[in-house]
Amino acid sequence: MGTMDGRVALITGGASGLGAEDARVLAREGARVVITDVQDDLGAQVAASIPGCRYLHHDVRDEARWQAVVSETLTDFGRLDVLVNNAGLVRFGTVEDLSYADYKLQVDVMLDGAFLGCKTVIPHMSRGGTGAIVNMASVAGLKGISAIPAYAAAKGGLIAMTRSIAIHCREQGYGIRVNSIAPGSIVTPMTAQALAQLPADDPGLTQTMGHGMGQPSDIAEMVLYLVSDRGRHITGSNIVIDNGETIA
Ligand SMILES: NC(=O)c1ccc[n+]([C@@H]2O[C@H](COP(=O)([O-])OP(=O)(O)OC[C@H]3O[C@@H](n4cnc5c(N)ncnc54)[C@H](O)[C@@H]3O)[C@@H](O)[C@H]2O)c1
């Protein structure tokens, strides 16, 4: 028996990195998993490698598509227990260098996208009287990083929004827990891209990656804890997994 037997999870940005690992870990524990992304070939490959996993195209900025994805999930699997708002991207540039378009892109995907996800799934989860949402934040939402102001704003906003939505769900007696995770640097295509693009002494690297790199499983096992019954007393929390990056 797995700790997620009978449950259904929806993971955004599941074609790569942390989202793909979350899918593998939740499926290992018996969950049926729907991953969504904008990288269709990669998403289909990841889904094919995980038993019971399905891939759907989904830009998390698209509210109508959120409705369709949740509706397809309910039609195919009959229930929805878990949402992981994981989709994300980073654009480097200080406040002076970053274009407003790149600022908006990051906030739209990582903050607005997560808002739309919570807004769409909560009515369905509340009818079942149970549910768990994890929003993938970052240590960038807890400290200043000069090279990624918009990314930091999106993640800081996500941590604050998580708390507010958790309180709402508790006030309404929905039985839905809402938490965020703030990873430090983890080995994924996103960090590989940053390492490839930036000089070794770039502030974006020295301020974020000077504390060692974690593995995707370091995050996925916490996602599992939070969304399974083991996390039943945890809501409105932001779990920091950063090898001490933010303690000093
Ligand atoms: N890797 C790290 O060090 C780290 C640290 C802290 C937080 N995070 C967060 O973890 C999450 C996953 O990051 P990752 O490192 O696995 O990166 P990744 O690039 O490997 O995966 C992110 C996925 O999100 C998808 N995506 C981007 N825009 C999207 C959109 N509009 N709609 C749907 N999907 C979209 C990408 O296609 C990609 O598959 C992100 O939210 C990221 O900010 C990562």
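Author: The face of α3 turned away from its buried side carries the exposed residues Ala-64, Gln-67, Ser-71, Thr-75 and Asp-76. A residue counts as exposed if 12 or fewer other C-beta atoms, placed from the backbone, lie within 10 Å of its own, as buried if 20 or more do, and as partly exposed in between. This is a predicted model, in which local features need pLDDT of at least 70 and side-chain atom pairs count only at pLDDT 80 or more, while totals for chains, interfaces and linings use all residues. Residues are numbered from 1 along each chain as its sequence is written.

Helices (H or I, at least four residues) and strands (E, at least two) are DSSP runs, numbered from the N terminus. Gly-78, with a positive phi near 85°, follows α3.

The buried residues of α3 are Trp-66, Val-69, Val-70 and Thr-73. They cover an arc of only 95° around the axis, taken from the directions from the helix axis to the C-beta atoms, which puts them on the same side of α3. An α-helix has 3.6 residues a turn, so residues three or four places apart point the same way.

The cover over these buried residues includes β1 (8-12), β2 (32-37), β3 (54-57) and α4, contact requiring C-beta atoms, placed from the backbone, within 7 Å. Of these, β2 has 6 of its 6 residues buried, so β2 is largely enclosed by the rest of the structure.

Key
Two residues are in contact if their C-beta atoms, placed from the backbone, lie within 7 Å.
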